[in-house]
Structure formats: structure tokens, C-alpha cells
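Please look over the structure below before reading the briefing. The points that follow are grouped by topic.

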Amino acid sequence: MSCAGAAAAPSLWRLRLGARRPLSACGGRVATRAHSSGMTLDNVNRAAVDRIIRVDHAGEYGANRIYAGQMAVLGRTSVGPVIQKMWDQEKDHLKKFNELMVAFRVRPTVLMPFWNVVGFALGAGTALLGKEGAMACTVAVEESIAHHYNNQIRTLMEEDPEKYQELLQVIKKFRDEELEHHDLGLEHDAKSVGT
């Protein structure tokens with residue numbers, strides 16, 4: 001991990017170890033904010049957290065593959081920059097869930113090879129229908145993901161919103177970005193498929 005990566009990871013260290021002032025990879029202390037949600041490996045509902053992280057990781061991986069397929073077909077068209085922007089956000093989502101998987105020792109789904117192939121095929125296949133097909137796929141997928149994130153938010157809020165504060169912040173942020181993708185798809189003629 002680079003020094004910049006170590007400095008950017010205090011939240012991850014706090015989540016993983018429950019530490020307030022972890023050592024960085026660069027040999028010094030990393031400053032963290034004084035308030036911590038207290039979410040550690042020992043005090044969370046492991047089954048719920050494992051399920052949430054595993055499912056979200058798989059979903060973000062699948063979304064990355066869908067956008068890769070769309071870019072393979074439409075990357076050099078007028079909608080290419082829009083798809084690239086959404087894909088870049090999905091890459092950030094996947095990166096965060098990769099970090100959380102390590103921090104909470106969550107195994108990925110055994111369906112990863114399936115999501116790899118099917119996600120790319122879905123993205124490329126809908127993109128072959130044109131910009132409208134790709135955007136219709138984006139709208140449908142992002143709507144489903146946002147609904148899923150909302151269910152997870154409800155579950156964590158019912159369990160203990162203070163304890164799961166940091167995970168809730170991640171999920172809420174990603175849900176909002178997925179809804180932005182949904183709206184971008186609508187703005188770029190997703191509704192005109194089949195008309």
C-alpha cells in the first residue's frame with residue numbers, strides 16, 4: 001500500500017481493528033477522527049454483515065462487467081463518456097467492497113466467474129441494440145440495486161444505526177450514485193426502447 005493509500009484508509013483500519021490510531025504502512029501514525037461507530041469484527045451481526053458485503057460486492061462486480069460490455073460496443077460513440085463516468089463510479093464501489101471484504105474476512109460469492117461472463121454479455125448485448133438498449137439496461141439494473149441498498153439500510157437501521165454508521169454511510173452514498181445512473185439512463189433515451 002502506498003503512503004497515500006495508507007493515509008486514506010483510517011476508516012478501513014477502524015472498521016477492521018476497532019483501533020483509534022492505527023499505524024500506517026509508512027511507519028507513522030494515521031490520524032483518525034475522534035468518533036468511531038465502534039463497528040469491529042467482534043461486535044457486529046456477522047451473518048448480516050457477511051451477507052451484505054458479499055451480495056454488494058457481487059452486485060458491484062456484475063455492474064462493472066456490464067459497463068465494460070457497454071463500453072466495448074459504445075465506447076467511441078456520443079454516449080461513451082456518459083457510460084465511462086458511470087463505470088468509474090462503479091469501479092470505486094467495487095474497490096470499497098473489496099476493502100470491506102478483506103476487513104471483515106468475507107469470502108466472495110462462488111458465482112464470480114458467472115457474473116464475469118454474464119455481466120459483460122448483458123452489457124455488450126444491450127449495447128448492440130444501441131444507446132437506448134444500453135440505457136434501458138442501466139435503468140433496470142440501477143433501479144434493482146437501489147431497491148436492494150434501501151433494504152440493507154432498513155436492516156442496519158433496525159439492528160443498530162450507531163454501530164453500523166460507517167457501513168450505512170457507504171451504502172447510502174452508493175445507493176444515491178446508483179439512482180444518479182438510473183436518472184442518466186432515463187435522460188439518454190432509455191424509455192424509447194421498443195417504441
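**Briefing on a predicted model**

Helix α4 is followed by Arg105, a residue with a positive phi near 55°. The model is predicted.

**Overall make-up**

- Along the sequence the pattern reads α-α-α-α-α-α-α.
- The protein has 195 residues, and 46% of them are buried.
- Of the contacts between residues at least 6 apart in sequence, 73% join residues that are at least 24 apart.
- The accessible surface of the protein is about 10000 Å², and carbon and sulfur atoms account for 57% of that surface.

- Helix α4 covers residues 80-103, which is 24 residues.
- From the first C-alpha of α4 to the last, the helix reaches 34 Å, close to the 34 Å expected at 1.5 Å a residue.
- Val106 sits in the loop between α4 and α5.
- Is Val106 buried or exposed? Val106 has a relative accessible area of 7%, and because buried means under 20%, Val106 counts as buried.
- Not counting residues up to four places away in sequence, Val106 touches Asp50, Ile53, Arg54 and Met101.
- Val106 and His57 are 49 residues apart in sequence, and their C-alpha atoms are 9.9 Å apart in space.

**Asp50 and its partners**

- Asp50 is found in helix α3.
- Which residue does the side chain of Asp50 meet in a salt bridge? The partner is Arg46, with an N to O distance of 3.5 Å.
- Asp50 and Arg46 both belong to helix α3 (residues 46-74), where they are four residues apart, about one turn of the helix.
- An α-helix has 3.6 residues a turn, so residues three or four places apart point the same way.
- Asp50 has a relative accessible area of 17% and is buried, whereas Arg46, at 29%, is partly exposed.
- Leaving aside neighbours within four places in sequence, Asp50 is in contact with Phe104 and Val106.

**Salt bridges in the rest of the protein**

- How many salt bridges does the count come to? The count comes to five salt bridges.
- One of the salt bridges joins Lys173 and Glu177, with the closest N and O atoms 2.8 Å apart.
- Lys173 and Glu177 are separated by about one helical turn because they are four residues apart in helix α7 (residues 165-187).
- Lys173 is partly exposed at 46% relative accessible area, whereas Glu177 is buried at 11%.
- Arg175 and Asp176 also meet through their side chains in a salt bridge, at 2.8 Å from N to O.
- Arg175 is buried, with a relative accessible area of 17%, whereas Asp176 is partly exposed at 37%.

**Nonpolar cores**

- The largest nonpolar core has 20 residues, and those with the most contacts inside it are Ile53, Phe97, Phe104, Leu156 and Ile171.
- Helices α3, α4, α6 (131-159) and α7 each supply at least two residues of this core.
- Which helix gives the largest share of this core? The largest share, five residues, comes from α7.
- A second, separate core has 15 residues, including Leu74, Trp87, Val139 and Leu184.
- In soluble globular proteins, nonpolar side chains tend to be buried together.

- Val110, Leu111, Phe114, Val117 and Val118 make a nonpolar surface patch of about 480 Å².
- Val118, one of the patch residues, lies in helix α5 (residues 112-128).
- Val118 has a relative accessible area of 34% and is partly exposed. Patch residues need over 30%, so Val118 passes that cut-off.

Key: Residues are numbered from 1 along each chain as its sequence is written. This is a predicted model: local features need pLDDT of at least 70, side-chain atom pairs count only at pLDDT 80 or more; totals for chains, interfaces and linings use all residues. Side-chain values use heavy atoms; hydrogens and water are left out. The expected span of a helix is 1.5 Å times one less than its number of residues. Buried means under 20% relative accessible area, exposed over 50%, partly exposed in between (1.4 Å probe, protein chains only). Contact means heavy atoms within 4.5 Å. Accessible areas come from the Shrake-Rupley method with a 1.4 Å probe; for residues, only the protein chains shown count as cover. Patches are made of residues with over 30% relative accessible area and no salt bridge: like charges are joined within 9 Å, nonpolar side chains (Val, Leu, Ile, Met, Phe, Trp, Tyr) within 5 Å. A salt bridge is a side-chain nitrogen of Lys or Arg within 4 Å of a carboxyl oxygen of Asp or Glu. A nonpolar core is a set of buried Ala, Val, Leu, Ile, Met, Phe, Trp, Tyr and Cys residues joined through side-chain atoms within 4.5 Å.
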